[in-house]
Amino acid sequence: MQRFREAVEAGDATAIEALLAEDVVFTSPVVFRPYPGKAITAAILRGVMRVFEDFRYVREFTGADARDHALVFEATVDGRQVHGCDFLRVDDEGLIAELTVMVRPLSGARALAEAMGAQFERIEREAADG
């Protein structure tokens, strides 16, 4: 998913949102329930871009059918190093239908949870304004 990778690396929230299907489902590394819908997913990703520092993708994997992708990343959140992976599945139109994020180590996941928790009121407002 080269276009997604380029948009994320450029910090281009508009381009990222354009790649999301209307019924995309986002699964967070720190919250149990998934978030369905383009507006909330785009707002969460904007929040992530505000809290991640020194974000970079370091590896990329594509499934045999080219619908499944894994993008391995490194970043810093509040001074804590985070390693993670964005798992993407695209629909028939080539838009992102599923986005699941995993992160490690636990200290990095906790820092991410705290930083995103501080952003969540703004994220909900952005999603509602959609």
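**A helix crossing and its surroundings**

A: The crossing of H3 and H4 is right-handed; a crossing has that hand if the near helix is turned clockwise from the far one by less than a right angle, and is left-handed if the turn is anticlockwise. Helices here are DSSP runs of H or I with at least four residues, strands are E runs of at least two, and both are numbered from the N terminus. Please keep in mind that this is a predicted model, in which local features need pLDDT of at least 70 and side-chain atom pairs count only at pLDDT 80 or more, while totals for chains, interfaces and linings use all residues. Residues are numbered from 1 along each chain as its sequence is written, and side-chain values use heavy atoms, with hydrogens and water left out.

Back to the pair itself. The axes of H3 and H4 come within 9 Å and cross at roughly 135°. Such axes are lines fitted to C-alpha atoms, for helices over the stretch in contact, with angles from 0 to 180 degrees between N-to-C directions. H3 and H4 are therefore oblique to each other, the class left over once angles under 35 degrees are called roughly parallel, over 145 roughly antiparallel and 65 to 115 roughly perpendicular. The contact (heavy atoms within 4.5 Å) involves residues of H3 including Ala-39, Ile-40, Ala-43, Ile-44 and Gly-47, and residues of H4 including Leu-112, Ala-115, Met-116, Phe-120 and Ile-123.

Setting aside neighbours within four places in sequence, Ile-44 is in contact with Phe-26, Tyr-35, Met-116, Phe-120 and Ile-123. Ile-44 also joins Phe-4, Ile-96 and Leu-99 as the residues that touch the most other members of the 37-residue largest nonpolar core. At least two residues of this core come from each of H1, S1 (20-27), H3 (38-51), S4, S5, S6 and H4. A core of this kind is a set of buried Ala, Val, Leu, Ile, Met, Phe, Trp, Tyr and Cys residues joined through side-chain atoms within 4.5 Å. Buried means under 20% relative accessible area, exposed over 50%, and partly exposed in between (1.4 Å probe, protein chains only). In soluble globular proteins, nonpolar side chains tend to be buried together.

Phe-4 leads on to another helix. In H1 (residues 2-10), the buried residues are Phe-4, Arg-5, Ala-7 and Val-8. They lie on the same side of H1, because they cover an arc of only 165° around the axis, taken from the directions from the helix axis to the C-beta atoms. Their packing partners are H2 (13-18), S3, S4, S5 (80-90) and S6.

Where does Asp-91 lie? Asp-91 sits in the loop between S5 and S6 and is buried, at 17% relative accessible area. Leaving out residues up to four places away in sequence, Asp-91 touches Ala-21, Arg-67 and Ala-97. Ala-21 is 70 residues from Asp-91 along the chain, yet their C-alpha atoms are separated by 7.8 Å.

One last stop brings us back to H4. Pro-105 lies in the loop between S6 (96-104) and H4 (106-129), and the peptide bond joining Arg-104 to Pro-105 is cis, with omega near -10°.
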